[in-house]
Amino acid sequence: MTGNDAVARLRAAGCVFAEDEARLIAEAGGGDEGRTARLLSRRIAGEPLEHVLGWAGFAGLRIPVAPGMFVPRRRTELVASLAIALAPHGGLVVDLCCGTGAIAAAVAHARPDLRIVAADVDPTAVAVSASTLARFDASSLLSDLDAALGALAGTVDVVASCPPYVPTAEIPLMPREARDHEPTLALDGGADGTALQRGVLAASSRLLRPGGVAIVETSEALVELTARAAGDEGLEATVERDEELDATVVVARRHTPTSSASSRA
Ligand SMILES: C[S@@+](CC[C@H](N)C(=O)[O-])C[C@H]1O[C@@H](n2cnc3c(N)ncnc32)[C@H](O)[C@@H]1O
């Protein structure tokens, strides 16, 4: 099969960036025609490109992704870039609900001075992220939110997180690639979408040192609820928005003893 045939088949299957995809699939095939044809068939059958290739582009890195895993989104680069900007030199960053470990890897790549711990409740996510993060001297743990991170309580400088935040009733409206190929555990944010964001913010109030920040991805539709949830945990929320990435993030700071005294005054 020629490259032009592959482009035509991908285009017929509805792939908008057919030329780019054909080139990447050929690269992943590594010159083995049979393997390239099998990868192409999987893509044409509707699997996400990243599952077919085995990696996703994120913050300039190729992050390994196993079939069936949540694929890191470009918009989540805002969480990573804020963590890179806000973590103090030599600080401790926790990537909660880490999935592939994309946020942790991007932060570790940009800031080798930091200590980085990632955690997820899904054993596949922990296995894949642990292998990725080992390259950066960072670790990944199996943990329901911060349940296994008690030893870090009160010591964390930055919690960086993209938890699931799709309201349950909206999951059937998501694109097929997400509905059919990503775990519901990675998408479902409960009735109003904020159940796991609330969990992450509650965990952050336990993990953060005074003055530390939680950086939590949200959507424009949910941002007020997310910011309010931060306030419910005694955290002071501000909102960051990146139009180009179409990304919305709540940055929630744990009060220092001085700042809480002055905010009461
Ligand atoms: C939207 S995905 C994001 C993954 C990764 N942060 C990223 O941006 O690619 C959400 C992740 O949260 C994890 N998750 C869901 N519930 C969790 C819980 N109670 N504790 C820890 N992780 C959880 C899922 O397994 C999934 O990997």
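Start by selecting R111, which is found in the loop between α6 (102-110) and β4 (115-120), where helices (H or I, at least four residues) and strands (E, at least two) are DSSP runs numbered from the N terminus. This is a predicted model, in which local features need pLDDT of at least 70 and side-chain atom pairs count only at pLDDT 80 or more, while totals for chains, interfaces and linings use all residues. Residues are numbered from 1 along each chain as its sequence is written, and side-chain values use heavy atoms, with hydrogens and water left out.

With a relative accessible area of 13%, R111 is buried; buried means under 20% relative accessible area, exposed over 50%, and partly exposed in between, with a 1.4 Å probe and protein chains only. Leaving aside neighbours within four places in sequence, R111 is in contact (heavy atoms within 4.5 Å) with I84, A87, P88, H89 and G90.

Next, select helix α5 (residues 77-86), in which E77, L78, V79, A80, L82 and A83 are buried. These buried residues pack against β1 (55-58), α6, β6 (156-161), β7 (208-218), β8 and β9.

From there, move to β8 (residues 235-242) and β9 (residues 247-254), which pair in the antiparallel sense over eight bridges; two strands pair if DSSP finds at least two bridges between them. The two strands form a hairpin with four residues between them, and D246 in the turn has a positive phi of about 55 degrees.

Then display α10 (residues 195-207) with α11 (residues 223-232): here Q197, R198 and L201 in α10 meet L225, T226, A229, A230 and D232 in α11.

Finally, select D32, placed in the loop between α2 (18-29) and α3 (33-44). At 38% relative accessibility, D32 counts as partly exposed, and a polar atom of the D32 side chain lies 3.1 Å from the backbone nitrogen of R35.

Technical notes. Polar contact = N/O pair within 3.5 Å; in protein donor to acceptor, adjacent residues only side chain to side chain.
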